[in-house]
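Subject: Structure handover and notes

Dear colleague,

Here is the structure I promised to pass on. Please look it over before reading the notes below it.

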Amino acid sequence: MHPVGDDGAVTGAESEQPGAGGFAARLREQTADAHASAERSPFMAELLEGSLDVAALTTFLAQVHQLYAVLEPAVDALRDHPEVAPFADDSLRRLPAVAADLHEHLGDGWHEALVPLPATTRYAD
(Lines give C-alpha, C1' and ligand atoms only; values in the text may rest on other atoms or scores of the structure.)
Protein backbone atom coordinates (compact mmCIF):
# COMPACT_ATOMS: atom_id res chain seq x y z
CA MET A 1 0.00 0.00 0.00
CA HIS A 2 1.09 3.54 -0.67
CA PRO A 3 -0.06 6.36 1.57
CA VAL A 4 -1.53 9.51 0.12
CA GLY A 5 0.19 12.71 1.17
CA ASP A 6 -1.46 15.95 2.25
CA ASP A 7 -1.31 17.11 -1.36
CA GLY A 8 -3.24 14.04 -2.55
CA ALA A 9 -0.19 12.53 -4.23
CA VAL A 10 0.70 8.91 -3.72
CA THR A 11 3.86 8.73 -1.65
CA GLY A 12 6.44 6.00 -1.79
CA ALA A 13 5.32 4.52 -5.10
CA GLU A 14 8.09 6.13 -7.13
CA SER A 15 10.70 4.29 -5.09
CA GLU A 16 9.41 1.03 -6.59
CA GLN A 17 10.02 2.22 -10.13
CA PRO A 18 13.36 1.59 -11.81
CA GLY A 19 15.56 4.66 -11.98
CA ALA A 20 14.59 8.23 -11.17
CA GLY A 21 12.02 8.40 -13.98
CA GLY A 22 9.32 6.23 -12.45
CA PHE A 23 5.69 6.73 -13.35
CA ALA A 24 4.86 8.86 -10.31
CA ALA A 25 7.85 11.14 -10.90
CA ARG A 26 7.03 11.54 -14.61
CA LEU A 27 3.36 12.20 -13.86
CA ARG A 28 4.23 14.78 -11.21
CA GLU A 29 6.69 16.54 -13.54
CA GLN A 30 4.40 16.53 -16.57
CA THR A 31 1.36 17.84 -14.68
CA ALA A 32 3.11 20.30 -12.35
CA ASP A 33 2.08 23.45 -14.24
CA ALA A 34 -1.56 22.38 -14.55
CA HIS A 35 -1.71 21.46 -10.86
CA ALA A 36 -0.13 24.75 -9.77
CA SER A 37 -2.61 26.70 -11.86
CA ALA A 38 -5.59 24.74 -10.56
CA GLU A 39 -4.43 25.02 -6.97
CA ARG A 40 -4.40 28.83 -7.25
CA SER A 41 -7.87 29.07 -8.76
CA PRO A 42 -10.69 30.77 -6.83
CA PHE A 43 -12.77 27.60 -7.21
CA MET A 44 -10.17 25.44 -5.47
CA ALA A 45 -9.70 28.06 -2.76
CA GLU A 46 -13.45 27.98 -2.03
CA LEU A 47 -13.50 24.17 -2.17
CA LEU A 48 -10.64 23.85 0.29
CA GLU A 49 -12.08 26.53 2.58
CA GLY A 50 -15.42 24.74 2.62
CA SER A 51 -17.20 27.81 1.28
CA LEU A 52 -18.20 26.41 -2.11
CA ASP A 53 -21.96 26.44 -2.58
CA VAL A 54 -23.74 23.09 -2.77
CA ALA A 55 -24.62 23.43 -6.47
CA ALA A 56 -20.98 24.02 -7.43
CA LEU A 57 -19.82 21.23 -5.13
CA THR A 58 -22.25 18.68 -6.54
CA THR A 59 -21.40 19.69 -10.13
CA PHE A 60 -17.72 19.20 -9.28
CA LEU A 61 -18.41 15.84 -7.62
CA ALA A 62 -20.44 14.71 -10.63
CA GLN A 63 -17.49 15.49 -12.91
CA VAL A 64 -15.03 13.73 -10.58
CA HIS A 65 -17.37 10.72 -10.51
CA GLN A 66 -17.29 10.55 -14.31
CA LEU A 67 -13.48 10.55 -14.30
CA TYR A 68 -13.09 7.89 -11.62
CA ALA A 69 -15.70 5.75 -13.38
CA VAL A 70 -13.23 5.58 -16.29
CA LEU A 71 -9.97 5.59 -14.34
CA GLU A 72 -10.64 2.90 -11.76
CA PRO A 73 -11.67 0.16 -14.23
CA ALA A 74 -8.65 1.07 -16.39
CA VAL A 75 -6.36 0.62 -13.38
CA ASP A 76 -8.05 -2.71 -12.66
CA ALA A 77 -7.42 -3.87 -16.22
CA LEU A 78 -3.73 -2.93 -16.00
CA ARG A 79 -3.05 -3.82 -12.37
CA ASP A 80 -0.38 -6.36 -13.34
CA HIS A 81 1.57 -3.87 -15.46
CA PRO A 82 4.82 -2.97 -13.67
CA GLU A 83 4.18 0.79 -13.84
CA VAL A 84 0.53 0.54 -12.83
CA ALA A 85 0.83 -2.10 -10.10
CA PRO A 86 2.05 0.33 -7.39
CA PHE A 87 -1.10 2.43 -7.92
CA ALA A 88 -3.52 -0.48 -8.19
CA ASP A 89 -4.21 -0.27 -4.49
CA ASP A 90 -7.84 -0.61 -3.47
CA SER A 91 -7.30 1.90 -0.65
CA LEU A 92 -6.80 4.56 -3.34
CA ARG A 93 -10.26 4.06 -4.84
CA ARG A 94 -12.33 7.22 -4.72
CA LEU A 95 -15.50 6.31 -6.61
CA PRO A 96 -17.40 4.90 -3.59
CA ALA A 97 -16.65 8.02 -1.50
CA VAL A 98 -17.62 10.37 -4.32
CA ALA A 99 -20.86 8.44 -4.83
CA ALA A 100 -21.58 8.64 -1.09
CA ASP A 101 -20.98 12.41 -1.13
CA LEU A 102 -23.32 12.83 -4.10
CA HIS A 103 -25.97 10.75 -2.35
CA GLU A 104 -25.55 12.83 0.82
CA HIS A 105 -26.06 16.12 -1.02
CA LEU A 106 -28.58 15.07 -3.68
CA GLY A 107 -30.42 12.09 -2.22
CA ASP A 108 -31.50 8.95 -4.01
CA GLY A 109 -31.70 10.65 -7.41
CA TRP A 110 -28.02 11.63 -7.42
CA HIS A 111 -27.37 9.62 -10.60
CA GLU A 112 -29.35 12.25 -12.50
CA ALA A 113 -26.56 14.75 -11.75
CA LEU A 114 -24.02 12.64 -13.65
CA VAL A 115 -24.07 14.81 -16.75
CA PRO A 116 -20.51 15.29 -17.94
CA LEU A 117 -19.40 18.70 -19.04
CA PRO A 118 -17.66 18.82 -22.44
CA ALA A 119 -14.27 19.29 -20.75
CA THR A 120 -14.90 16.21 -18.57
CA THR A 121 -15.78 14.14 -21.62
CA ARG A 122 -12.62 15.27 -23.44
CA TYR A 123 -10.49 14.49 -20.38
CA ALA A 124 -12.07 11.08 -19.80
CA ASP A 125 -11.67 10.10 -23.45
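Predicted model: local features only at pLDDT ≥ 70, side-chain atom pairs only at ≥ 80, totals over all residues.

Residues are numbered from 1 along each chain as its sequence is written, and side-chain values use heavy atoms, with hydrogens and water left out.

The chain as a whole

The chain has 5 helices and 0 strands, where helices (H or I, at least four residues) and strands (E, at least two) are DSSP runs numbered from the N terminus. In sequence order the pattern is α-α-α-α-α. Of the 125 residues in the chain, 22% are buried; buried means under 20% relative accessible area, exposed means over 50%, and partly exposed is in between (1.4 Å probe, protein chains only). The chain exposes about 8400 Å², and carbon and sulfur atoms supply 59% of that area. Accessible areas come from the Shrake-Rupley method with a 1.4 Å probe, and for residues only the protein chains shown count as cover. Among contacts in the chain with a separation of 6 or more, 57% are between residues 24 or more positions apart; contact means heavy atoms within 4.5 Å.

H3 against H4

Two packed helices are described by the angle between their axes and the distance between the axes. For H3 and H4 the angle is about 150 degrees and the axes are 9 Å apart. Therefore H3 is roughly antiparallel to H4. Axes here are lines fitted to C-alpha atoms, for helices over the stretch in contact, and angles run from 0 to 180 degrees between N-to-C directions. Angles under 35 degrees count as roughly parallel, over 145 as roughly antiparallel, 65 to 115 as roughly perpendicular and the rest as oblique. H3 passes H4 in a left-handed crossing, a term used if the near helix is turned anticlockwise from the far one by less than a right angle (right-handed if clockwise). Residues making the contact include Leu 57, Leu 61, His 65 and Tyr 68 of H3, and Leu 95, Val 98, Leu 102 and His 105 of H4.

Single residues

Setting aside neighbours within four places in sequence, Gln 63 is in contact with Val 115, Pro 116, Leu 117 and Thr 120.

Ala 56 is also placed in helix H3 and is partly exposed at 22% relative accessibility. Its C-alpha atom is 9.0 Å from that of Phe 43, 13 residues away in sequence.

Leu 114 lies in the loop between H4 and helix H5 (118–124). Leu 114 counts as buried, at 19% relative accessibility. With neighbours within four places in sequence left aside, Leu 114 is in contact with Ala 62, His 65, Gln 66 and Leu 102. The C-alpha atoms of Leu 114 and Ala 62 are separated by 5.1 Å, although the two are 52 residues apart along the chain.

Glu 104, in helix H4, is exposed at 65% relative accessibility. Between the C-alpha atoms of Glu 104 and Thr 58, 46 residues apart along the chain, the separation is 10.0 Å.

Salt bridges

Side chains of opposite charge can pair when their charged atoms come close. How many salt bridges does the structure hold? There are 6, a salt bridge being a side-chain nitrogen of Lys or Arg within 4 Å of a carboxyl oxygen of Asp or Glu.

One of them joins the side chains of Arg 26 and Glu 83, at 2.8 Å from N to O. This pair links distant parts of the chain, with Arg 26 in helix H1 (residues 23–39) and Glu 83, 57 residues apart from it, in the loop between helix H3 (54–77) and helix H4 (95–106). Arg 26 is partly exposed at 32% relative accessibility, and Glu 83 is partly exposed at 25%.

Arg 79 forms a salt bridge with Asp 76, with the closest N and O atoms 3.0 Å apart. Arg 79 is partly exposed at 30%, and Asp 76 is partly exposed at 31%. Another salt bridge pairs Asp 90 with Arg 93, the closest N and O atoms being 3.2 Å apart. Salt bridges that share partners join Glu 72, Asp 76, Arg 79, Asp 90 and Arg 93 into one network.

Regards
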